[in-house]
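This report is meant for someone meeting the structure for the first time. Please look over the sequence and the model before reading on.

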Amino acid sequence: MTRTIHGKRAGLPAAAVAAALTATVAGPAAAAPAPAVRFVAHLNMTDGQRPENITLEPNGSADVTFAYSRQLARISPDGRVRVLATLPEPPAGTSTPALTSPFLGGIVRAQDGTLYFLYSTGSSDLTGLWRLRPGGTPERTAAFPADGLPNGLALDSRSGLLYAADSVLGTVWRVPVTGGTPSKWATGPELESTGFLGANGIKIHNGAAWVSNLDKGTVLRIPINPEGTAGPVETKATGLVNIDDIAFTGAGDTLLAAINANNEVDLVRPDGTHTVVLTAADGLQNPTSLTVRGTTAYIANGAYFTDEDPSLLAARLPSAGQHEQGRRIQQGRS
């Protein structure tokens, strides 16, 4: 989510992006080229189906949070949408920090199929970590401060700990999957906002928590020390203002970043350089989150500002050679 629509930054021409992506999926010369980007589902904006965050089921279905309709839904691979749960409405007179409306943020799936997700309302009785067990009903398992905005959520399956990025309080919280009182795991100016939203998306990767900061346009890395404490915050990339969520493309530290207001997905390399790889021409409408499985990236479009077509997209990842080609093209244009 974001507040202001900024101008688009220089990047790959849309035609070059499309050519590079199509080349990835074209296969042998005799084969008909498959589409590089496809719509999994066009969602119903009238019903409040604006996806904020996403996690995948083993069968390829996508579980999403609908930000402002207080709903969790499952989108099947053929685009069918089924609402799994609707969260309680907050008490009259409450207002969610920074956003006003009740807000459903990050979602992750545990191996047993339990979904964990974050709900913010500005009220102490509802704001916090919630879970939905298969066949069950939603229940809150950890209370978070009502004056904060727990947003991105990540699961460290090895430790059984959940990490939540608070966009208003500039904090990374940690809480066991079993619930309880969250602990303030990491703080610092790097996580704070400059007026709207700070720490936003979060992923656990290669022994660290990686966090995006929307206002500052940064990607941060916070090492997880052997005893579980947070190491010093490192800034790994800059110049990504309006960055929402992130997802790693593989075992290395290359990642994709959803740039919400700019209708872009950027490829961010380990050295911090980044290239635009998808744009509005590919169907992006205020991308809020993404996840990667194999060679496919799934991208949730909230359409918060385009106000046209919230959707779920699937895009084939470019090869390493095409990443490098994109870097050279971008450098030639700078």
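## Aromatic pairs

Which residues do ring pairs link into a cluster? In this predicted model, the cluster consists of Tyr68, Phe103 and Tyr304.

A search of the whole structure finds 6 aromatic pairs. One of them joins Tyr119 and Trp130, whose ring centres are 6.1 Å apart and whose planes stand at 75 degrees, so the pair is edge-to-face. Because Tyr119 belongs to strand β7 (residues 115-120) and Trp130 to strand β8 (residues 128-132), the pair ties together parts that are 11 residues apart in sequence. Both Tyr119 and Trp130 are buried.

Phe144 and Trp173 also form an edge-to-face pair, with 6.0 Å from centre to centre and 80 degrees between the planes. Phe144 sits in the loop between β9 (139-143) and β10, whereas Trp173 is in strand β12 (residues 171-176), and the two are 29 residues apart. Phe144 and Trp173 are both buried.

## A sheet of four strands

An open sheet of 4 strands runs in the order β10-β11-β12-β13, and its pairing is antiparallel. Since β10 (150-156) and β13 (183-187) stand at the edges with a single partner strand each, one side of each is left without a neighbour in the sheet. On average, neighbouring strands of this sheet are turned by 25 degrees against each other, direction ignored.

The antiparallel pairing of β10 with strand β11 (residues 161-166) extends over 6 bridges, and Leu153 has Ala164 in β11 as its bridge partner.

## Surroundings of Thr296

Thr296 lies in strand β23 (residues 296-301) and is buried, with a relative accessible area of 19%. Leaving aside neighbours within four places in sequence, Thr296 is in contact with Thr291, Ala314, Ala315, Arg316 and Leu317.

Definitions and conventions: Residues numbered from 1 in each chain as written. Predicted model: local features only at pLDDT ≥ 70, side-chain atom pairs only at ≥ 80, totals over all residues. Heavy atoms only, no water. Pairing = 2+ DSSP bridges. Axes fitted to C-alpha atoms, helices over the stretch in contact; angles between N-to-C directions. Buried < 20%, exposed > 50% of the residue type's maximum accessible area, 1.4 Å probe, protein only. Contact = heavy atoms within 4.5 Å. Phe/Tyr/Trp six-rings, centres within 6.5 Å; stacked < 30°, edge-to-face > 60°.
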